[in-house]
Amino acid sequence: MSAAGEVVYLDNNATTKVAPEVLEEMLPYFSEKYGNPSSMHDFGGQVAKKLNEARERVAALLGADPTEIVFTSCGTESDNHALRGTLESYPEKRHLVTTRVEHPAVRSLCQYLGRRGHDVTELPVDSDGLLNEDEFGASVHEGTALASIMWANNETGVMFPVERLAEIAHEKGVVFHTDAVQVVGKVPLDLRHGAIDLLSLSGHKLHAAKGVGVLYIRRGTRIRPLLIGGHQERERRGGTENVASIIGLGKACELARQTIEEERTRVKELRDKLQRELLARAPDARVNGHLEQRLPNTLSISFEYVEGEAILLMLSRLGICASSGSACTSGSLEPSHVLRAMGVPFSAAHGSIRFSLSRYTTEAEVDYAIEHVPQVVKRLREISPFGRGATDRDARMEYGRGSAPPGGGS
Ligand code: PLP
């Protein structure tokens, strides 16, 4: 634990704390107000009203119309709905475009679709993690059903210009989806005048509960449901709603809207301080991803000649929670697909740590990390099996090449 005996939680891209105001708003819907929003009686009707309020709050954060909001069970479901639902609506179009750095919720699905006979283009990124817009433009054509490009990368925080990419897609008559799971609540968005047709978000990344998400469906977008059943969500997603979590998500969106401008500046200053101090105090360290086109809360940093997992374990003993590449890929010896796509050398990719802050992160926590992370890196380098001066080849020999990561990656 930290000096204060508390966890220093710098892993907010993996998941966030439920805001106390969110929990408070959720609790009555487990006990006193447990009606089914589809019921005819007033007891259920009261819940339906509250669901609609949540829909309005989510829509307000996105600059959307409440009728464009479909509640789902998570970001992964929203992504699956977007991709599978669109492909089903355009059976004559077999092509889809995505990137090499998507979260597994999109990437593994695209690979699966590729095995099922779809033609998938996975666009590369450069060493800053950025996409080439012309390459994107050249990849979409009349045979393309859908382009799915994440708004912000969960590992590096690098942001793609999805609003412009959506316009390019529209010029070719291609539906545009963005996985915005990491961006919603961190950066202000306004979908009203843009060309994005479909957008996924997940509650647990913005201080709501786990197990609730949203698929934004722009009015008029052709898309089939993923879950076929009852009439819920205007027949776009069958199944009794996760009422309490949806209500909590509504509150989380309202809180995000109220604090987003102030917090993005405060959090960015803290992230920049962490970055500056770690680079100054730990030799042979580098930041992964474009320094400007990046989420304000995310820092992916590589420490050469050390194993990221070892850093994480030692930090964990000190009460510091961070992540190496992607939380759920920890335990696999394969470096992150995102860093590999950016051409980060093997030795640096292995020593990569992601710190991600939130509106609950304090300066004292950042200072604690600044004090301890360089010491941990130094200690590990002293006992490293290949130490400074080892080559990339040595690193590869040392770690071998594992198979696909077992987890989901967050
Ligand atoms: N997309 C991105 C970019 C993510 O970071 C995550 C979770 O880490 C997901 C999708 C999946 O969201 P969920 O955990 O709600 O399924």
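These legends go with close-up views of a predicted model.

Local features are included where pLDDT is at least 70, side-chain atom pairs count only at pLDDT 80 or more, and totals for chains, interfaces and linings use all residues. Residue numbers start from 1 along each chain as its sequence is written, and side-chain values use heavy atoms, with hydrogens and water left out.

View 1. The chain splits into domain 1 (8–16 + 260–398) and domain 2 (20–256), with bounds that come from an automatic or database domain assignment. Their C-alpha centres lie 28 Å apart. Where they meet, 29 residues of domain 1 are in contact with 34 residues of domain 2; contact here means heavy atoms within 4.5 Å.

**View 2. Helix α2 and what it packs against.** Helices (H or I, at least four residues) and strands (E, at least two) are DSSP runs, numbered from the N terminus. Helix α2 covers residues 42–62, 21 residues in total, and reaches 30 Å from first C-alpha to last. That is close to the expected 30 Å, where the expected span is 1.5 Å times one less than the number of residues. Its buried residues include Gly44, Val47, Lys50, Arg55, Arg57 and Leu62. Buried means under 20% relative accessible area, exposed means over 50%, and partly exposed is in between (1.4 Å probe, protein chains only). The buried residues of α2 pack against α1 (20–26), β2 (69–72), β7 (198–202), β8 and α7. Just past the helix, Gly63 takes a positive phi of about 70 degrees.

**View 3. Helix α3, mostly tucked away.** Helix α3 (residues 75–89) has 15 residues and reaches 21 Å between its end C-alphas, close to the 21 Å expected. Because 12 of its 15 residues are buried, α3 is largely enclosed by the rest of the structure. Among the buried ones are Glu77, Asp79, His81, Leu83 and Leu87.

**View 4. The largest nonpolar core.** A nonpolar core is a set of buried Ala, Val, Leu, Ile, Met, Phe, Trp, Tyr and Cys residues joined through side-chain atoms within 4.5 Å. The largest one here has 70 residues, and Leu62 and Phe136 have the most contacts inside it. Helix α7 (residues 243–281) gives the largest share, nine residues. This core also draws at least three residues from each of domain 1 and domain 2. Zoom in on Leu62: leaving aside neighbours within four places in sequence, its contacts include Ile69, Val184, Leu191, Leu201 and Tyr216. Apart from this core lies another, of 29 residues, among them Leu270, Leu278, Phe303 and Val366.

**View 5. Two aromatic pairs.** The structure holds two aromatic pairs. The rings of Tyr34 and Phe43 have centres 5.1 Å apart and planes at 80 degrees, so this pair is edge-to-face. For the cut-offs, rings of Phe, Tyr and Trp (its six-membered ring) pair if their centres lie within 6.5 Å; planes under 30 degrees apart count as stacked, over 60 as edge-to-face and the rest as tilted. Tyr34 is exposed, at 57% relative accessible area, while Phe43 is partly exposed at 39%. Phe136 and Phe176 are also edge-to-face, at 6.3 Å centre to centre with 75 degrees between the planes. Phe136 sits in helix α5 (residues 133–139) and Phe176 in strand β6 (residues 175–179), so the pair ties together parts that are 40 residues apart in sequence. Both Phe136 and Phe176 are buried.

**View 6. Charges over rings.** A charge sits over a ring if NZ of Lys or CZ of Arg is within 6 Å of the ring centre and within 35 degrees of the ring normal. Lys17 lies over the face of Tyr360, 4.6 Å from the ring centre. Arg222 has its charged end over the ring of Tyr90, at 4.1 Å from the centre.

**View 7. Arg381 and Tyr305.** Arg381 is in helix α11 (residues 363–383) and is buried, at 12% relative accessible area. Leaving aside neighbours within four places in sequence, Arg381 is in contact with Pro283, Asp284, Phe303, Glu304, Tyr305 and Val306. Arg381 and Phe303 are 78 residues apart in sequence, yet 9.5 Å apart C-alpha to C-alpha. Tyr305 lies in the loop between β10 (298–303) and α8 (308–317) and counts as buried at 15% relative accessibility. Its phi is near 65 degrees, a positive value in a residue other than glycine.
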